[in-house]
Amino acid sequence: MTHAQLIEELNALNDVERQGKKYLASHGDLMHYRLLIPFSYGYSGSQLLEQDFFPEGTDLEIDKILRYIYIPEHSHDFVEFTYVVEGACEHTINAQRFLQERGDFVVVSPGAKHIVTVPEDCLCMTIKMKRSAFYDLHLPNVAVFTTPLLFSCGDDPFVLHTVLSIYAQQSANASYCTEMMTFLFSSLILYLLQNFFDDVRYLQIGAGGDQRLIQLANYVFDNFRTVTMKSLAEEFHYNESYLSALISEKTGQTFTSLMRTLRLSRAEEILRTTPAIRLADVCERVGYNDTVRFIKDFKEKYGVTPAKYKKEKNG
């Protein structure tokens with residue numbers, strides 16, 4: 001199937017969208033996702049989980065965002081990417097509303113709250129990837145993907161063809177399709193970094209981005225185990241008080257809160273994927289010097305102790 005045929009197929013309303021269109025005509029409003037069973041299963045709350053979206057043995061999924069269906073604001077523990085093939089849609093991330101236009105490639109980082117409204121004359125694709133699988137790609141400047149981003153790609157043919165090729169691989173479900181999808185996706189992200197990184201819009205910060213803050217994010221990500229406000233300020237020649245205020249202004253969190261979130265996120269990933277690891281080793285890997293404090297912080301964020309969490313995830 002050619003890419004033009006794929007776009008034609010994707011533009012056609014599927015069964016769920018036809019239900020939504022009929023509901024809109026009858027009720028004058030979008031159909032709420034909870035009316036759709038079994039579609040609504042994965043959207044059982046405002047925090048969407050990897051386990052509800054990825055079939056066993058898969059790390060990457062692609063589909064179109066449904067039209068005529070209302071999915072309220074939500075966040076997720078995986079990474080999501082949205083790409084507009086045709087038309088434009090309204091996208092709101094962390095209370096910042098913007099128009100996502102044709103060729104725009106948006107990164108929705110784990111934990112970011114967002115909502116997308118796609119009209120009938122728009123075709124918007126969504127690519128979802130497990131967080132651990134994304135980090136395992138070992139991409140350069142990976143730290144920038146810990147916050148929402150917008151790459152304005154316009155009519156770039158490589159981006160369009162690669163997104164459609166990923167979809168074609170998933171649809172064909174042929175031998176090595178999973179490996180091909182991962183390879184194509186990795187190539188796509190590298191291409192975006194190579195060709196559009198200088199003009200990336202850093203949505204968490206505001207329009208136009210801020211290369212200095214991206215450099216700060218990269219440094220923090222690479223040195224999260226040991227970095228302190230003092231060492232960060234010295235590295236980038238900032239006054240500590242000024243840097244602390246800047247981080248709070250641009251991210252809505254204190255430096256301490258950001259570091260706790262990053263370290264706990266990495267700890268959660270380690271506990272989920274490394275069943276035999278000792279708690280002391282987890283603390284050492286993520287930069288916690290106090291095991292008691294780590295247990296308290298982890299339970300506060302995830303609702304259970306690290307030991308119980310590891311047992312639940314690994315049986």
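Reader: Which residues touch the most other members in the largest nonpolar core?
Author: F134, F151 and F185, out of 71 residues in that core. A nonpolar core here is a set of buried Ala, Val, Leu, Ile, Met, Phe, Trp, Tyr and Cys residues joined through side-chain atoms within 4.5 Å, with buried meaning under 20% relative accessible area (1.4 Å probe, protein chains only).

Reader: What should I know about the source?
Author: It's a predicted model: local features need pLDDT of at least 70, side-chain atom pairs count only at pLDDT 80 or more, and totals for chains, interfaces and linings use all residues. Residues are numbered from 1 along each chain as its sequence is written, and side-chain values use heavy atoms, with hydrogens and water left out.

Reader: OK, new topic. At what angle do α9 and α11 pack?
Author: About 85°, with the axes of α9 (residues 255–273) and α11 (residues 291–302) 11 Å apart. Axes are lines fitted to C-alpha atoms over the stretch in contact, and angles run from 0 to 180 degrees between N-to-C directions. The two helices are therefore roughly perpendicular, a label for 65 to 115 degrees.

Reader: And the sheet, what's the strand order?
Author: β8-β7-β10, an open sheet of three strands with antiparallel pairing. Pairing takes at least two DSSP bridges between strands. β7 (residues 88–93) and β8 have six bridges, and T92 stands opposite R97 in β8.

Conventions:
Buried means under 20% relative accessible area, exposed over 50%, partly exposed in between (1.4 Å probe, protein chains only). Helices (H or I, at least four residues) and strands (E, at least two) are DSSP runs, numbered from the N terminus. Angles under 35 degrees count as roughly parallel, over 145 as roughly antiparallel, 65 to 115 as roughly perpendicular and the rest as oblique.
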